[in-house]
Amino acid sequence: MSNFAPTEVSPQQLARIAELGPRYAQSASMPADWIDKLDSAEYAKALSSIAQHPDETLSLYIHIPFCPGRCLYCACNTTVTHDTLWIDRYLDGLDREMALAAEQLHTDHDVLQLHLAGGTPNYLNDAQLTRLTEIIERRFRIIPDTDLSIECDPRRASAGQLDLLHALGYRRVTFGVQDLNPKVQRAIGRLQSIDLIRDVYAMARETGFDAIGFDLIYGLPEQTEASFQDTLDAIVELAPDRIACFGYARTTARGTHQYAIDAHRLPSATERQVLFHRAVNTLTAAGYAWIGLDAFALDTDELAIAQEEGRLRRNCIGYTGIETDHMLGFGSAAIGDVGGFCVQNEVDINTWTARVERGELPVAHGHRVSDRDRRRRDAIEHMICNLELPAEIAAGCLDDEYARLASYAADGLVQIEPDRLRITPSGRYFLRTLCSEHGAYFEWDRSRWHFSRSL
């Protein structure tokens, strides 16, 4: 069983959870195990190795690093621009980068997942969205069952744009809602009324998307229990298929714009846990299954079914019931998992562009994943998705961590069974820290890899 019923967590437990974690740091520095300057030829060799296995399947992650404005909480790799020609040149670069990768693959592989992330993918105009999809279809085998998804800013969405995306084959759309309280929205520099969200949601439903998702953020400035409850109630009334509820982390190293958020107006660590606890209880009471760390899906949704059946997976696209052999990332700062390497492209758009124009695969950093690394990562993924760590999976790769995790039984966060450790309902609120304090944990944050052996 993978779904836990909501539970009442005492203020003492919430304080204890806040005190214990998170213990990991999202550092921008490169650990020693990264290959700082992964050679383009070495990455090409990794791609070529896939050609020897024509039955292996692919996921594609396309990064669109442009926005019309900068939200104050944002830590994504994105650039504010109003230059349509710059975006056109970026699409030229994506065409060239995909061509370079396809040349190495040599053979067709079924693409089971395709995700457009940002930035703001729907900042592209209709001609650019059409061109981008045509570029992808020209270089890769998109099959009828391919799961095509896109992240959208509801302020940029229109009925015509949603109709176009659906006609191009996109069946899942996620809207960045974050919070519906005007005071919170002013504090984060992102104004969007509840009426706008309702209208965009209705348009997406009418268009016929298979799944509509909303992103929420807790721990924002000016956010209170009452205001966040109002946001949750409004979201439940709309009933999107999926809801992600992320915790805000103020990381000024990722952009000076975050200094505009008053750190003194942020909820405390305990208050953050209370906000998330409200989200869990409200959403699960409304018929949503709690998925992994911070996602929720209607009980009838594929994610809830996959978690219940023990086949839920997690990658940089998010939670999925689809398993693929490789993930190819395209665009500046895109990340991938290819042929035994975890890789990231050049972050700077101009550097990325120059390299693809020279005919180089624009990979900047990489880590060769050993068998032990893979086992450790698979074990952590299993714990995130299935809320348990079997002793058999941990043996030989997470022995010390298994013992350390078992020590949290005294806090009521873990239940010790003869052949496994099981995360308790209270422990779910601490799941990210329970997982991330283990070594070799990859934090997929849609912008870069975070890799550490000693957290």
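User: What should I know about the numbering and the model before we start?

Analyst: Residues are numbered from 1 along each chain as its sequence is written. This is a predicted model, in which local features need pLDDT of at least 70, side-chain atom pairs count only at pLDDT 80 or more, and totals for chains, interfaces and linings use all residues, while side-chain values use heavy atoms, with hydrogens and water left out.

User: How many helices and strands does the protein have?

Analyst: The secondary structure comes to 15 helices and 19 strands. These are DSSP runs, numbered from the N terminus, with helices (H or I) of at least four residues and strands (E) of at least two.

User: What share of the residues counts as buried?

Analyst: Of the 455 residues, 58% count as buried. Buried means under 20% relative accessible area, exposed over 50%, and partly exposed in between, with a 1.4 Å probe and protein chains only. As for contacts (heavy atoms within 4.5 Å), residues 24 or more positions apart account for 72% of those with a separation of 6 or more.

User: Turning to H2, which residues are buried there?

Analyst: In H2, residues 40-50, the buried residues are Ser40, Tyr43, Ala44, Ala46, Leu47, Ser48 and Ile50. Their cover includes H3, H11 and the strands E13, E14, E15 and E16.

User: What caps the N-terminal end of H2?

Analyst: Asp39 does, with a side-chain oxygen 2.8 Å from the backbone nitrogen of Ala41. This is a polar contact, that is, a pair of N or O atoms within 3.5 Å; within protein, one must be able to donate a hydrogen and the other to accept it, and residues adjacent in sequence count only if both atoms are side-chain atoms.

User: And H3, how many residues has it?

Analyst: H3 has 22 residues, 84-105, and reaches 32 Å from its first C-alpha to its last, close to the 32 Å expected at 1.5 Å a residue. The expected span is 1.5 Å times one less than the number of residues. At the start of H3, a side-chain oxygen of Asp83 reaches to within 3.0 Å of the backbone nitrogen of Leu85.

User: What comes just after H3?

Analyst: His106 follows, with a positive phi of about 70 degrees although it is not a glycine. His106 lies in the loop between H3 and E4 and is exposed, with a relative accessible area of 60%.

User: Is Gln178 buried or exposed?

Analyst: Gln178 is buried, with a relative accessible area of 7%. The residue is found in strand E6, and its phi is near 70 degrees, a positive value in a residue other than glycine.

User: Which residues does the cis peptide bond join?

Analyst: It joins Gly118 and Gly119, with omega about 10 degrees. Gly119 is found in the loop between strand E4 and H4.

User: Now the helix pair: at what angle do H5 and H7 cross?

Analyst: The axes of H5 (residues 159-167) and H7 (residues 194-207) cross at roughly 35 degrees and come within 10 Å. Axes are lines fitted to C-alpha atoms, for helices over the stretch in contact, and angles run from 0 to 180 degrees between N-to-C directions.

User: Which residues make the contact?

Analyst: H5 contributes Ala159, Leu162, Asp163 and His166, and H7 contributes Val200, Met203, Ala204 and Thr207.

User: What does Thr207 do there?

Analyst: The side chain of Thr207 makes a polar contact with that of Asp163, at 3.4 Å. Thr207 counts as buried at 16% relative accessibility. Leaving aside neighbours within four places in sequence, Thr207 is in contact with Leu162, Asp163 and His166.

User: Where is Pro240 found?

Analyst: Pro240 is in the loop between helix H8 and strand E8, and is buried, with a relative accessible area of 0%. Pro240 and Gly213 are 27 residues apart in sequence and 5.7 Å apart in space, C-alpha to C-alpha. Beyond four places in sequence, Pro240 touches residues including Tyr201, Arg205 and Tyr288.

User: Last one: what does the side chain of Arg355 reach?

Analyst: The side chain of Arg355 reaches the backbone oxygen of Leu361 at 3.1 Å. Arg355 is in helix H11 and counts as buried at 11% relative accessibility. Not counting residues up to four places away in sequence, Arg355 touches several residues, among them Ser40, Glu346 and Glu360.
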